[in-house]
Amino acid sequence: MLSFLNPEWWQRLRHRRGFGIHSPSAYRFITEVLNERLPYYGYERLDSLDADPHLARLLFRVLVATGPRRVGILCADSARRIILEDITKAALPHAGLFASSGSSDFVIVDSDSGEEFPGRLGSKGAFIIDSDRRRRRRSLDGLTSGSSFDNGRGIAVVTINSGIPRQHFNVKF
């Protein structure tokens with residue numbers, strides 16, 4: 001089926017610019033973090049890494065916006081884990097890096113490398129790389145508060161905010 005005939009595709013396209021988003025915090029996150037097109041200060045350093053530039057820049061912006069002190073990186077592939085660590089160090093030079101989600105404020109999960117999603121998210125959020133849509137949605141089912149943003153192409157971003165009820169947005173980013 002053609003992607004532009006899919007209603008979720010149109011919804012992602014509308015939400016990309018903030019149309020239909022009524023939560024001020026979600027609107028800000030979508031327009032200023034997920035879909036920011038202006039360069040950030042760390043992009044030159046990211047371009048020297050052997051990583052997908054879109055993924056590296058997106059993760060960089062999400063980490064800068066959430067500002068965690070402790071980041072858990074769950075990735076079975078050691079080469080890809082090193083790249084994720086380098087991106088995290090570029091965004092947050094003083095953050096502690098952990099190999100588990102237990103003591104982390106923010107969790108980066110790379111399920112495409114064979115890592116299983118943890119039962120607990122970080123207290124500030126999560127960045128999920130998983131090409132299986134069903135598995136990605138199951139991992140977001142336990143979310144009780146905060147916002148989740150899914151691009152429909154293998155990436156989901158979760159921001160935890162205990163002051164707001166659970167919200168889910170399909171967004172093109």
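A residue counts as buried when its relative accessible area is under 20%. In this predicted model, D150 has a relative accessible area of 1%, and therefore falls in the buried class. Across the protein chain, buried residues make up 47% of the 173 residues.

D150 sits in strand β5, which covers residues 147-150. Its side chain is joined to that of R136 by a polar contact of 3.1 Å.

The strand belongs to a chain with six helices and seven strands. Read from the N terminus, the order of elements is α-α-α-α-β-α-β-β-β-α-β-β-β. Among contacts in the protein chain with a separation of 6 or more, 53% are between residues 24 or more positions apart.

Empty space is the next topic. Rolling a probe the size of a water molecule over the atoms shows where such space is left. The second largest pocket holds about 160 Å³. Its lining consists of 13 residues, and those nearest the pocket centre are S25, R28, F29, T159 and N161.

Strand β5 returns here: along with α2 (24-34) and α4 (53-66), β5 supplies at least two residues of this lining. Helix α2 gives the largest share, four residues. By residue class, the lining of the second largest pocket divides into six nonpolar, five polar and two charged residues.

How values were computed:
Residues numbered from 1 in each chain as written. Predicted model: local features only at pLDDT ≥ 70, side-chain atom pairs only at ≥ 80, totals over all residues. Heavy atoms only, no water. Buried < 20%, exposed > 50% of the residue type's maximum accessible area, 1.4 Å probe, protein only. Polar contact = N/O pair within 3.5 Å; in protein donor to acceptor, adjacent residues only side chain to side chain. 1 Å grid on protein atoms, 1.4 Å probe; cavity = no way out; pocket = protein on both sides within 12 Å on 5 of 7 lines; lining within 4 Å. Points joined across faces, edges and corners; volume = space filled by probe spheres on them. Nonpolar A, V, L, I, M, F, W, Y, C, P; charged D, E, K, R; others polar. Contact = heavy atoms within 4.5 Å.
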